[in-house]
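Please view the structure first.

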Amino acid sequence: MLLTYYTSEEEPKEGRSLRFYERGENIPLISSGIWQVYNGVVQLSELHLNGEETLLGWAQPSTFFGRHFTKIEDYQAKALSDVYLKWYLLEEIPKNSHLAQIILEQLIARMKQTEALLAIAGLRRVEERLIALLKLLRQELSEITPEGQRLTVRFTHQNLADSIGTTRVTITRLLGEFQRQGWISFDGDRRLLIAANFPCTS
């Protein structure tokens, strides 16, 4: 997707400039404010001392995220695609009831998303976890196309492996099996397409 940099002059209603982060770049989390995604997807996770990450969810366009919303010390936000973000100071929230209502609704949705990820982590078999993750991604981060539901961002095999606590080699093997079953395919940009016959359960 070709993205354009927008300035405050191009957004007279909002009066805010946008900050750009490249895919894979860590996004600074500052306690004095929160980010809102304007374009792209941000992955939220907990970074452990051994370098491993626990996936906590994704922030999509219009979604707010920031350190203010968590008690996790090693909270991390990373651009899963190229992203543009807007910055809001915390002091703006209580002054704007509409903004506060939107943030509350989004936090409830994100809580449900995190609970779904915790349920996936509790599944014993790796294949079950991958099927459940792809179902969640289809629900949260996909668009309908003639070929099936296509994920709006490209997940690498390593991204998927990290998300469910397994190895890239295992993910490559399982995705190959899923392709042979006709459950998934990939478009020209290597974005995953999930077919209508994708299993509801493992």
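Helix α4 (residues 168-180) lies across strands β10 and β11 and runs at about 105 degrees to β10. Contact here means heavy atoms within 4.5 Å, and axes are lines fitted to C-alpha atoms, for helices over the stretch in contact, with angles from 0 to 180 degrees between N-to-C directions. Helices (H or I, at least four residues) and strands (E, at least two) are DSSP runs, numbered from the N terminus. The model is predicted: local features need pLDDT of at least 70 and side-chain atom pairs pLDDT 80 or more, while totals for chains, interfaces and linings use all residues. Residues are numbered from 1 along each chain as its sequence is written, and side-chain values use heavy atoms, leaving out hydrogens and water.

**The sheet**
- Four strands form an open antiparallel sheet in the order β8-β9-β11-β10; two strands pair if DSSP finds at least two bridges between them.
- Strands β8 (142-145) and β10 (184-186) stand at the edges with a single partner strand each, so one side of each has no neighbour in the sheet.
- Strands β9 (residues 148-151) and β11 (residues 192-194) pair over two bridges, and Q149 stands opposite I194 in β11.

**Salt bridges**
- The whole structure holds eight salt bridges, each a side-chain nitrogen of Lys or Arg within 4 Å of a carboxyl oxygen of Asp or Glu.
- One of them joins E53 and K78, whose closest N and O atoms are 3.5 Å apart.
- E53 lies in strand β4 and K78 in strand β6, so this pair ties together parts 25 residues apart in sequence.
- In helix α4, E177 and R173 lie four residues apart, about one turn of the helix, and their side chains meet at 3.2 Å, N to O.
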